Amino acid sequence: MKTFLLLREIYLEAFKSFGNYLVRNYFKAFAWFSFMLLVVVLYAFVFRVYTGFAFD
C-alpha cells in the first residue's frame with residue numbers, strides 16, 4: 001500500500017507544475033493511454049505463456 005501511495009504522489013506532483021490546462025490534460029491522457037497499452041502487451045504475453053506458445 002505504501003508503494004501505491006508513493007506512486008500516486010509522484011503522479012500528482014508530476015502534473016502539478018504544468019500551467020497550461022490543455023497540455024496538462026494531454027499528458028494525463030497520454031500517460032493513461034500508455035498504461036493501457038502496457039496492460040494489453042502484458043496480457044498478450046501471459047496468454048501466450050499460459051497456452052504453451054513456442055517462442056522459437
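# Rings, a pocket and a helix

Student: Does Tyr-26 count as buried or exposed?

Tutor: This is a predicted model, in which local features need pLDDT of at least 70, side-chain atom pairs count only at pLDDT 80 or more, and totals for chains, interfaces and linings use all residues. Residues are numbered from 1 along each chain as its sequence is written, and side-chain values use heavy atoms, with hydrogens and water left out. Buried means under 20% relative accessible area, exposed over 50%, and partly exposed in between (1.4 Å probe, protein chains only). Because the relative accessibility of Tyr-26 is 52%, this residue counts as exposed.

Student: What kind of aromatic pair do Tyr-26 and Phe-27 form?

Tutor: The structure holds 5 aromatic pairs. In the pair of Tyr-26 and Phe-27, the centres are 5.5 Å apart and the planes are at 70°. Rings of Phe, Tyr and Trp (its six-membered ring) pair if their centres lie within 6.5 Å; planes under 30 degrees apart count as stacked, over 60 as edge-to-face and the rest as tilted. The pair of Tyr-26 and Phe-27 is edge-to-face.

Student: Why is the pair of Tyr-43 and Phe-47 classed as it is?

Tutor: The ring centres of Tyr-43 and Phe-47 are 6.2 Å apart. Their planes stand at 25°, so the pair is stacked.

Student: In which helix do Tyr-43 and Phe-47 both lie?

Tutor: Helices (H or I, at least four residues) and strands (E, at least two) are DSSP runs, numbered from the N terminus. Tyr-43 counts as exposed at 57% relative accessibility, whereas Phe-47 is partly exposed at 43%. The two residues are 4 apart, about one turn of the helix, and both belong to residues 21-50, which is helix H2.

Student: How far does H2 reach from its first C-alpha to its last?

Tutor: H2 has 30 residues, and its expected span is 44 Å at 1.5 Å a residue. The expected span of a helix is 1.5 Å times one less than its number of residues. The model comes close to this value, with a reach of 43 Å.

Student: Which residue that follows H2 has a positive phi?

Tutor: The phi in question is near 80°. The residue with this positive phi is Gly-52.

Student: The charged end of Arg-48 sits over the ring of which residue?

Tutor: A charge sits over a ring if NZ of Lys or CZ of Arg is within 6 Å of the ring centre and within 35 degrees of the ring normal. The charged end of Arg-48 is 4.6 Å from the centre of a ring, and that ring belongs to Phe-53.

Student: What is the volume of the largest pocket?

Tutor: On a 1 Å grid over the protein atoms alone, a pocket is an open set of points with protein on both sides within 12 Å along at least five of seven lines, and lining residues have an atom within 4 Å of a point. Grid points are joined across faces, edges and corners, and a volume is the space filled by probe spheres set on the points. For the largest pocket, the volume is about 180 Å³.

Student: Which helix gives the most to the lining of the largest pocket?

Tutor: The lining consists of Phe-4, Leu-7, Arg-8, Tyr-11, Ala-31, Trp-32 and Phe-35. Helix H1 (2-16) and H2 are the elements that give two or more residues to this lining. The most, 4 residues, come from H1.

Student: How many charged residues are in the lining of the largest pocket?

Tutor: Ring pairs link Tyr-11, Trp-32 and Phe-35 into a cluster, and these three residues are among those that line the pocket. Ala, Val, Leu, Ile, Met, Phe, Trp, Tyr, Cys and Pro count as nonpolar, Asp, Glu, Lys and Arg as charged, and the others, Gly among them, as polar. The lining has 6 nonpolar residues and no polar ones, and its charged residues number 1.

Note on methods: 1 Å grid on protein atoms, 1.4 Å probe; cavity = no way out; pocket = protein on both sides within 12 Å on 5 of 7 lines; lining within 4 Å.
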